[in-house]
Number of protein chains: 2
Amino acid sequence: MTIHIAQQGDAAVKPCNHDYQVNCGNCRLNGICLPLALESDDIQQLDDIIQRSKPLQKNQHLYREGDHFQSVFAVRSGTLKAYKTTDDGREQVTGFYFPGEILGMDGISNNAHASSAKALETAAICEIPFVSLERLSALMPNLQRHFFQLMSREITEDQQLITLLSKNSADERVAALMLSISGRNARRKLSATQFRLPMSRVDIGNYLGLTVETVSRVFSRMQKMAVLRVDNKEIEILDPAGLRSMANLGS
Amino acid sequence: MTIHIAQQGDAAVKPCNHDYQVNCGNCRLNGICLPLALESDDIQQLDDIIQRSKPLQKNQHLYREGDHFQSVFAVRSGTLKAYKTTDDGREQVTGFYFPGEILGMDGISNNAHASSAKALETAAICEIPFVSLERLSALMPNLQRHFFQLMSREITEDQQLITLLSKNSADERVAALMLSISGRNARRKLSATQFRLPMSRVDIGNYLGLTVETVSRVFSRMQKMAVLRVDNKEIEILDPAGLRSMANLGS
DNA sequence: CGTGCGTTTGATGGCAATCAATTTATGTGG
DNA sequence: CCACATAAATTGATTGCCATCAAACGCACG
């Protein structure tokens with residue numbers, strides 16, 4: 001069984017046979033990913049159900065809205081975006097997924113994926129068949145609890161976004177996203193102040209309920225205020241405190 | 001052990017000792033609530049862990065943001081709203097909960113409730129201690145799956161709201177909410193075309209990212225277009241097809 | 001070097017927020 | 001039960017933020 005990759009309209013898949021020997025035990029993300037809070041022999045069992053396959057190329061889909069739901073996925077490297085398509089053809093980006101994060105959980109309720117997921121850059125993925133995960137969860141209380149927590153976190157993050165979209169200005173939304181990315185980098189022991197945005201301005205705007213032009217203007221403004229240094233996709237946070245006060249967030 | 005009811009600032013609780021003999025087996029909501037998909041002896045076990053206590057009065061809190069998380073809750077009668085408070089004091093309503101629906105799942109991730117929940121009218125609640133639910137879930141695959149599905153549905157509904165807030169006009173948002181309430185009424189075998197809104201205009205606007213004035217104007221407009229009949233909180237959907245086309249939703 | 005895409009910047013307009021005032025519901029004490 | 005007080009909802013006038021329209025710029029690529 002391999003990762004289900006929708007191929008219509010996607011770039012051809014380049015075979016790649018190295019670097020498949022990763023396992024949960026030696027993965028450097030196991031402190032923030034699913035294996036967190038498992039004993040080493042439990043990790044082995046989890047590892048046994050996880051499928052790894054060739055990396056996704058940029059713009060390839062991991063799954064599409066409406067696809068039969070079979071697995072959730074962990075990002076090992078690269079970044080993905082999840083998005084829904086409204087029936088008048090517009091897109092709504094519902095989330096970005098960085099290494100160590102889990103996606104696909106919105107497919108559980110209807111046995112069909114409620115959103116599409118595509119790679120923003122080359123990405124390595126761990127596939128976790130859901131029936132196996134359910135079976136293991138029933139046997140390993142820690143795993144069950146951890147997965148409940150992951151789903152709950154997805155809910156709280158979506159609610160955070162709801163609040164952002166409903167209550168905050170364009171400046172605040174962009175600032176909040178920069179802080180979120182910064183924090184997630186820090187969790188992976190990367191720089192919290194300097195990073196490269198994996199997504200386009202269009203995606204940022206779409207996620208934040210803004211147009212590209214507005215996003216661009218906000219970046220310009222922040223640069224003029226010396227809060228951020230923006231060089232295309234390269235971001236440097238010059239004034240973290242200023243950025244936080246600009247974000248003006250709850251919690 | 002009783003329901004944890006925060007009482008500061010709330011109306012005094014009137015004791016009420018009748019009507020506590022409901023159980024999951026005879027509850028008329030068991031076709032849409034947690035017991036769904038359980039065998040009758042499994043239902044008995046679920047019933048044993050569920051706590052029922054005196055009804056919540058209007059404006060009383062079921063739990064508050066930051067409270068220690070201990071249980072999820074099912075609504076047996078009445079309506080609740082969930083909301084977050086931003087640190088500059090504003091509220092964001094994140095959901096309305098009708099009979100048969102489950103709330104409180106956003107508290108799992110941090111062992112603390114991520115939002116507050118208060119009754120919009122007198123409400124009867126079933127409390128489901130989470131540790132017991134976890135234990136039972138490990139023993140009953142159907143229950144585990146059903147609860148995963150409930151959480152997943154919460155995620156997809158939040159994503160629906162995200163899309164609504166990000167992409168739709170005031171008219172579309174209000175239309176979508178009316179359709180949502182209509183559908184949820186239908187699920188409970190109530191009228192899909194005639195109902196009483198349990199929440200105020202302020203709450204509606206807050207939930208939809210609009211001001212009270214805008215909500216009121218939209219209702220007036222819809223009434224003028226003969227799509228809705230609005231008499232304060234009494235709503236009649238005169239033209240369901242028109243309302244749907246007005247909502248202009250994805251999926 | 002031209003083509004195309006992503007990004008930036010500028011000018012204008014529209015939708016919903018804000019401010020303000022009135023009307024209608026709700027609730028309370030005499 | 002009515003008079004009063006308070007809260008909720010409606011309607012109107014004006015403002016402001018961000019979308020839209022338009023054009024130029026930079027960069028990657030063939």
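This is a predicted model: local features need pLDDT of at least 70, side-chain atom pairs count only at pLDDT 80 or more; totals for chains, interfaces and linings use all residues.
B:Arg196 is exposed, with a relative accessible area of 54%, whereas B:Glu234 is partly exposed at 32%. A further salt bridge in chain B joins the side chains of B:Glu236 and B:Arg229 at 2.9 Å, N to O; B:Glu236 is partly exposed, with a relative accessible area of 22%, and B:Arg229 counts as partly exposed at 32%.

In chain A, A:Glu101 forms a salt bridge with A:Arg184, and the closest N and O atoms are 3.0 Å apart. This pair also links distant parts of the chain, since A:Glu101 is in the loop between S5 and strand S6 (102–103) of chain A and A:Arg184 is in helix H4 (residues 170–187) of chain A, 83 residues apart. A:Glu101 has a relative accessible area of 13% and is therefore buried, the cut-off being under 20%, and A:Arg184 is buried as well, at 18%. Salt bridges also link A:Lys81, A:Glu91 and A:Asp203 in a network, and over all chains the count comes to 18 salt bridges.

## Charges over rings

A:Lys81, a member of that network, has its charged end over the ring of A:Tyr83, 5.1 Å from the ring centre. In chain B, the charged end of B:Lys81 sits over the ring of B:Tyr83, at 5.2 Å from its centre.

## Aromatic pairs

Over all chains, the structure holds 13 aromatic pairs. One of them is formed by A:Tyr63 and A:Phe73, whose ring centres are 5.7 Å apart and whose planes stand at 25°, under the limit of 30 degrees, so the pair is stacked. A:Tyr63 in strand S2 (residues 61–63) and A:Phe73 in strand S3 (residues 71–77), both of chain A, are 10 residues apart, and both residues are buried.

A:Phe130 and B:Phe148 form an edge-to-face pair, with 5.7 Å from centre to centre and 70° between the planes. Because A:Phe130 lies in helix H2 (residues 130–139) of chain A and B:Phe148 in helix H3 (residues 141–167) of chain B, the pair joins two chains. A:Phe130 is buried at a relative accessible area of 5%, and B:Phe148 counts as buried at 0%. Both take part in a cluster linked by ring pairs, which also includes A:Phe69, A:Phe147, A:Phe148, B:Phe69, B:Phe130 and B:Phe147.

## The interface between chains A and B

Between the two chains, 46 residues of chain A are in contact with 46 residues of chain B. The area buried between them is about 4,400 Å², of which carbon and sulfur atoms give 55%; in chain A, the residues that lose the most area to chain B are A:Phe148, A:Ile162 and A:Lys167, together 16% of what that side buries.

B:Ser152, found in helix H3 of chain B, counts as buried at 0% relative accessibility; beyond its neighbours within four places in sequence, B:Ser152 is in contact with residues including A:Met105, A:Asp106 and A:Met151.

Methods
Residues are numbered from 1 along each chain as its sequence is written. Chains are lettered from A and ligands numbered from 1 in the order in which they are written. Side-chain values use heavy atoms; hydrogens and water are left out. Rings of Phe, Tyr and Trp (its six-membered ring) pair if their centres lie within 6.5 Å; planes under 30 degrees apart count as stacked, over 60 as edge-to-face and the rest as tilted. Helices (H or I, at least four residues) and strands (E, at least two) are DSSP runs, numbered from the N terminus. Buried means under 20% relative accessible area, exposed over 50%, partly exposed in between (1.4 Å probe, protein chains only). A charge sits over a ring if NZ of Lys or CZ of Arg is within 6 Å of the ring centre and within 35 degrees of the ring normal. Contact means heavy atoms within 4.5 Å. Buried area is the accessible area (1.4 Å probe) that two parts lose on being put together, summed over both. A salt bridge is a side-chain nitrogen of Lys or Arg within 4 Å of a carboxyl oxygen of Asp or Glu.
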